Number of protein chains: 2
Amino acid sequence: MTYCCALRLKDGMVFISDTRTNAGVDHISVFRKLYTFGIEGERMIVIQTSGNLATTQAVIGHLQNQLETKQEPNLYSLNTMFEIAELVGHTLRKVIADVTSDTVEQSNYYCSLLVGGQIKGAVMQLYNVYPQGNFISATSDTPFFQIGESKYGKPILDRALHYDMPMDEALRCALISFDSTLRSNVSVGLPLDALVYHKDSLHVPIGKRIYEEDPYFSNISKQWSALLKRGLQELPVPTIDYFE
Amino acid sequence: MTYCCALRLKDGMVFISDTRTNAGVDHISVFRKLYTFGIEGERMIVIQTSGNLATTQAVIGHLQNQLETKQEPNLYSLNTMFEIAELVGHTLRKVIADVTSDTVEQSNYYCSLLVGGQIKGAVMQLYNVYPQGNFISATSDTPFFQIGESKYGKPILDRALHYDMPMDEALRCALISFDSTLRSNVSVGLPLDALVYHKDSLHVPIGKRIYEEDPYFSNISKQWSALLKRGLQELPVPTIDYFE
């Protein structure tokens, strides 16, 4: 499986993906699921992928190939993030249709993508592209999307994340969401690819690969576990007559 | 959907189930999914159910009917919790086979059950009975089982729960696991049925139904959210060179 999470907040965006892929439990590999595109000072685009690896790699491959061979439209020729999400959706639809035209069988080749970024002169956008190629966009009410193994890491986002949250706090919130998932599900695994984008910077960040021994990540992971354990102890005890 | 969780710890057992059933989102009802059986001072048995409601009610119905009509074997005639888990598994298999003998179609009628309790002179046991009627038992390494919508509530159990945990703390841990699930998934809903059993008491507890307005539950829910928010703020900020 996979876990990818992206936040679109007042001051910027955070993107984190794990790197574990598995065909059964005895064929586990490390594959990147977070891809960065962009032109410094003009546009910054991140695509995160979850699902059939051949499909996701083909989608990214086509998008890169369009750029290399200067086919239009491409990620750098389109004028808005909306058109970029459409291009990603069309590419995905085409990749799957190339494998099989049987709509039932197509579900074996499904993948989901998160597409986020900013183009000069426009606001940041974040889209969740479904396997069918259509998509929804994040709003201030729902400032985050998750794809893949999303349930373990959802409670902390639901409880704590909000649109106006400072970027450094939102980053910690997303990292804790990943830490919870990593601990509860072996199909999601380190290293993580993480990327922070500050609004209107139009800077294409290299991002950070977070390995097992990353001192910051293991430190907040340990502190968070200690906090939860202490927190449970500090919660009030039910009165004696609460239970029969 | 459903969320049921059961803990088998050094000093006792905790059982919590939600009560929401749904056929789609426009047909939501309240149905009990936690059933208590027992003979005061001799045996205490709890069964929790998840899955097809007709199947789970039929399983419980058969077990109750066996007792009422004094058919043997029944929950009160068997000598061990292991035999009781076998009886539940056989009953489940029979209920599903009565609907259809087509093994593929049978999966439409699947349910899972947790069976826990204690019989005088023996240790407490907790079993996770699969739709096929076979089962596994909880150990000190893995002291809890979940059925239904289990992923949202798993991180807190994975991080904090351990076999030697005091009962009141374990109860809070399980309640927080439910609170996280309730907040993140609308298919799991209040009221909850909760039950605490103290080792060797052989007392058959009435348990507690926890409604929306329950002051204790809403209090710890609020305190927990505040703790997480404060905790995120207190986690160290990554150094300036952590991200490019």
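Asp200(A) lies in the loop between β11 and β12 (208-210) of chain A, helices (H or I, at least four residues) and strands (E, at least two) being DSSP runs numbered from the N terminus. This is a predicted model, in which local features need pLDDT of at least 70 and side-chain atom pairs count only at pLDDT 80 or more, while totals for chains, interfaces and linings use all residues. Residues are numbered from 1 along each chain as its sequence is written, chains are lettered from A and ligands numbered from 1 in the order in which they are written, and side-chain values use heavy atoms, with hydrogens and water left out.

**Positive phi in chain A**

- Most residues other than glycine have a negative phi, and most peptide bonds are trans.
- Asp200(A), although not a glycine, has a positive phi of about 65°.
- Leu202(A), also not a glycine, has a positive phi of about 50° and is found in the loop between β11 and β12 of chain A.
- At 9% relative accessibility, Leu202(A) counts as buried (under 20% relative accessible area, with exposed over 50% and partly exposed in between, for a 1.4 Å probe and protein chains only).

**Cis peptide bonds in chain A**

- The bond from Glu72(A) to Pro73(A) is cis, with omega near -5°, and Pro73(A) lies in the loop between α1 (53-68) and α2 (81-99).
- The bond from Leu190(A) to Pro191(A) is cis, with omega near -5°, and Pro191(A) is found in the loop between α5 (167-184) and β11 (192-198).

**Helix α6 of chain B**

- The face of α6(B) turned away from its buried side carries the exposed residues Pro215(B), Lys222(B) and Glu234(B).
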